Amino acid sequence: MASSDPTERLFVDLAPATTVLLTVECQRGVVGDGVAALPELAAEARSSGALHRIARLVAGAHRTGVQVVHAVAERRPDGRGSNRNARLFRAAAKLPVRQHPGTPAVCIAPPIEVADEDLVVRRLHGLSPLADTGLDALLRNLGCRTLLITGVSANVAVPNAVFDAVNLGYTAVVPRDAIAGVPADYTPAMVRHTLALVATVTTSDEVLACWRRAAQERPPATPG
């Protein structure tokens, strides 16, 4: 029977063996210092502390054995395969910083550290890291039940990822202090009035506390 205690339910949902931490568009060309295509969003991700908290969550996942996946948005120089059917896509094509494959703009931004066991999923189209990117199949192969969603932006990509995760049958968990959007007051409104209806909303400290407890309660390894 599922626990009625929210703290205990979160602990169960965030079991390291069945949780994947997803970072959304935490790349230099989006949230990098001084090199981002959208400086206002990059500044908010940094000044709010969201990027720092994402880095802490990634480090905590590495320590605890939680799989980390970095979702990166790219666009070929010739634009082939990318959307043109919305104002957002047409505006992105004109920005001074382009998210071209193989360039520094699509590398994960500091202070987030990428480990050898992390997976990086790149997309050339759409708004969501889960829509026809192959990520769903990877998550199922990893035994994922809970998708912990962090990153940017709270305006577009993060809610897309949450909705897609829920529609695909995953439990979506969102640390509200590890996502960012613009303007600054939009993010808490989005969380309260939209994401909280379909996802478990928590904080980065609460997530890390669950993982510390899991590590403490892990049975000792049996000698070979």
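Modeller: R53 is partly exposed, with a relative accessible area of 24%, where buried stands for under 20% relative accessible area, exposed for over 50%, and partly exposed for what lies in between (1.4 Å probe, protein chains only). This is a predicted model, in which local features need pLDDT of at least 70 and side-chain atom pairs count only at pLDDT 80 or more, while totals for chains, interfaces and linings use all residues. Residues are numbered from 1 along each chain as its sequence is written, and side-chain values use heavy atoms, with hydrogens and water left out.

The side chain of R53 forms a salt bridge with that of D177, at 3.6 Å from N to O; the term requires a side-chain nitrogen of Lys or Arg within 4 Å of a carboxyl oxygen of Asp or Glu. Because R53 belongs to helix α4 (residues 50-64) and D177 to the loop between β5 (171-175) and β6 (179-180), this pair ties together parts that are 124 residues apart in sequence. Helices (H or I, at least four residues) and strands (E, at least two) are taken here as DSSP runs, numbered from the N terminus.

With 15 residues, α4 reaches 21 Å from its first C-alpha to its last, close to the 21 Å expected at 1.5 Å a residue, the expected span being 1.5 Å times one less than the number of residues. Its buried residues are A50, L51, I54, A55, L57, V58, G60, A61 and T64, and just after the helix G65 takes a positive phi of about 85 degrees.

V152 has contacts (heavy atoms within 4.5 Å) with V24, E25, V30, V31, L41, A45, A157, V158 and A180, once its neighbours within four places in sequence are left aside. Back at V152, the peptide bond to S153 is cis, with omega near -5 degrees, and S153 itself lies in the loop between β4 and α7 (157-167).

E25, one of the contacts of V152, has features of its own. In the loop between β1 and α2, E25 takes a positive phi of about 55 degrees although it is not a glycine, and at 13% relative accessibility E25 counts as buried. The side chain of E25 meets that of R123 in a salt bridge, at 2.8 Å from N to O. Since E25 sits between β1 (19-24) and α2 (28-31) and R123 in strand β3 (residues 119-123), this pair ties together parts that are 98 residues apart in sequence. R123 is buried, as is E25.

The count of salt bridges comes to eight, and a further one joins E217 to R213, with the closest N and O atoms 2.8 Å apart. Both residues lie in helix α9 (residues 204-217), four residues apart, about one turn of the helix. E217 is partly exposed at a relative accessible area of 49%, and R213 is partly exposed at 27%. E8 joins R213 and E217 in a network of salt bridges. R213 also lies over the face of F11, at 3.6 Å from the ring centre; a charge is said to sit over a ring if NZ of Lys or CZ of Arg is within 6 Å of the ring centre and within 35 degrees of the ring normal.

Finally, α2 also holds R28, which at 34% relative accessibility counts as partly exposed. The C-alpha atoms of R28 and P110 are separated by 7.9 Å, although the two residues are 82 residues apart along the chain. A cis peptide bond, with omega of about 10 degrees, joins P110 and P111, and P111 is placed in the loop between α5 (87-92) and β3.
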